[in-house]
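Please read them with the coordinates open.

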Amino acid sequence: MALVRADGFETATLDGGPTAKTPSTINFTSEAFDKGEYAHFMRKEIAEQPEAVGRTLSGRLEPRFQTTHLGGIELAAHELLDIRRVKILGCGSAYIAGCIGAHLIEQLARLPAHAEPASEFRYRNPVIERDTLYLAVSQSGETFDTLAAVQEVKRKGGRVLGIVNVVGSTIARECGRGIYLHAGPEIAVVSTKTFTCTAVALALLAIQLGRIRDLSTADGGRLLAGLAALPEQIDGIVAREPEIARLAEQLVACEHAYFVGRSAGYAVAMEGALKLKEVSYLHAEAYSAAELKHGPLALISPETPTVVVIPRDDLYQKNISTIAEIRARRGPVVAVTHAGEMPAPVDAMFDVPASEPEFDPILLNIPLQLLAYHVALKKGCDIDKPRNLAKSVTVE
Ligand code: F6R
């Protein structure tokens, strides 16, 4: 319990026993808690992403050695070198951002990396390994299942770092070290800017782990430049909101939608589907594009549009084949991809600027946030407080 007066404060336990707390200053302005010119906090937080990403990156790029530096992880180079595996734990969007991070770590540091919902992990009597680095990802730092997973890792002697937005939150304190996102307060129930900042924080870690191993200086420099370009690129995508609002018309009248992608693009599809179902109550399901033909193709019809996430990567042609499979069943296709001619006809398309390919998932997700927002807006939903959802899930 806390009693706050203009000239001071007192804290106590619920039984009234006085406690001693040390004040710490958090650098937020009151505008951070105000919608300002925006109709919804979700929309404001989408617009805040360039600045938020800038803060996640701030002071962490080390161009001299073409690497990154994350002081808060408190691990020396030799300890980072001893890591043999990375396990990322979180819930909801935090878990999905972890999937993008796991992919980056595996690609850049060539370490086996895997993300798992914290709720599943904590209950399956997990094997904890000494040379695995466990990462707990959470915006609020209060999610009960993620906290319980951290405690399970620690109880079994594992090493766990927090990737958290809220400074001084329970998970941050329980981990004791890690990476703060510095995304600023996120008020909308659905996570947008912290999802992006989490993916960026994991990219920073992936580069640091990679540069200690086999990632070359040239690749390090290329990736640093790619990260530094992200804020402006995100800004450019958000400025094209009217195009995305038109795309939303493809989805607003339907009851079901698929989101598909491959590899890291699959994680983008998962996040796009989650955002859409949360704010617009439309039934959206994410599927790995290659798995469509093993069952879900049965549900493709003119009434069920599919959003296909198509980075211009090694799997580009395979994604184009997926589009053909869907259209052969008369399913409408909305493509989210990079600029350039699409070798397959689609019903609607949005292109994001080219970045370093490793960061494609971060950019390809931004239009999907705005897509969910505009579908919800057209349906008149309570965007900042979707039914049945809470910002922090502090219960099991
Ligand atoms: C989705 C969303 C939730 C949270 C999840 C974890 O938009 O906001 O899925 O990501 O409840 O919350 P944190 O990150 O606070 O642990």
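The points below go from the overall fold to single residues.

1. Basis. This is a predicted model, in which local features need pLDDT of at least 70 and side-chain atom pairs count only at pLDDT 80 or more, while totals for chains, interfaces and linings use all residues. Residues are numbered from 1 along each chain as its sequence is written, and side-chain values use heavy atoms, with hydrogens and water left out.

2. Overall dimensions. The protein has 396 residues and a radius of gyration of 21 Å, which agrees with the value near 21 Å for a compact globule. The radius is taken over C-alpha atoms, and the globule rule is 2.2 Å times the number of residues to the power 0.38. Along the principal axes, the C-alpha atoms fill a box of roughly 70 × 50 × 40 Å. Of the 396 residues, 54% are buried; buried means under 20% relative accessible area, exposed over 50%, and partly exposed in between, with a 1.4 Å probe and protein chains only.

3. Secondary structure and contacts. The protein comes to 13 helices and 15 strands. These are DSSP runs numbered from the N terminus, H or I with at least four residues for helices and E with at least two for strands. Counting contacts between residues at least 6 apart in sequence, 73% join residues at least 24 apart, where contact means heavy atoms within 4.5 Å.

4. The five-stranded sheet. Parallel pairing gives an open sheet in the order β12-β11-β13-β14-β15; two strands pair if DSSP finds at least two bridges between them. The edges are β12 (283–288) and β15 (348–352), each of which has a single partner strand, so one side of each is left without a neighbour in the sheet. From one strand to the next the twist averages 20 degrees. Angles run from 0 to 180 degrees between N-to-C directions, and axes are lines fitted to C-alpha atoms, for helices over the stretch in contact. Six bridges link β11 (residues 256–261) to β12 in the parallel sense, with Gly261 opposite Ser288 in β12.

5. Helices on that sheet. Helix α11 (residues 264–280) touches β11, β12 and β13 (306–310), and its direction makes about 170 degrees with that of β12. Helix α12 (residues 316–328) also packs on the sheet, touching β11, β13 and β14 (333–338), at about 165 degrees to β13.

6. Ser263 lies in the loop between β11 and α11 and is partly exposed at 41% relative accessibility. Tyr281 sits in the loop between α11 and β12 and is partly exposed at 27%.

7. Strand β8. How many residues of β8 (residues 132–138) are buried? Seven of its seven residues are. In a regular strand the side chains alternate between the two faces of the sheet. Here Thr132, Tyr134, Ala136 and Ser138 are buried on one side, and Leu133, Leu135 and Val137 on the other. Strand β6 (residues 85–90) runs parallel to β8 and is joined to β8 by five bridges, with Lys87 opposite Tyr134. Strand β9 (residues 159–164) pairs with β8 in the parallel sense over six bridges, and Val137 stands opposite Ile163.

8. Crossover and Thr146. β8, helix α6 (residues 144–155) and β9 make a right-handed β-α-β unit: with the strands pointing away from the viewer, the path from the first strand over the helix to the second runs clockwise. Thr146 is in helix α6 and is buried at 1% relative accessibility. Leaving out residues up to four places away in sequence, Thr146 touches Leu89, Gly90, Cys91, Ala118, Ala136, Val137 and Ile171.

9. Cysteines. The structure holds zero disulfides, a disulfide being a pair of cysteine sulfur atoms within 2.5 Å. For Cys91, the nearest cysteine sulfur is that of Cys99, 12 Å away; Cys91 is partly exposed at 24% relative accessible area. Cys381 is buried, with a relative accessible area of 14%.
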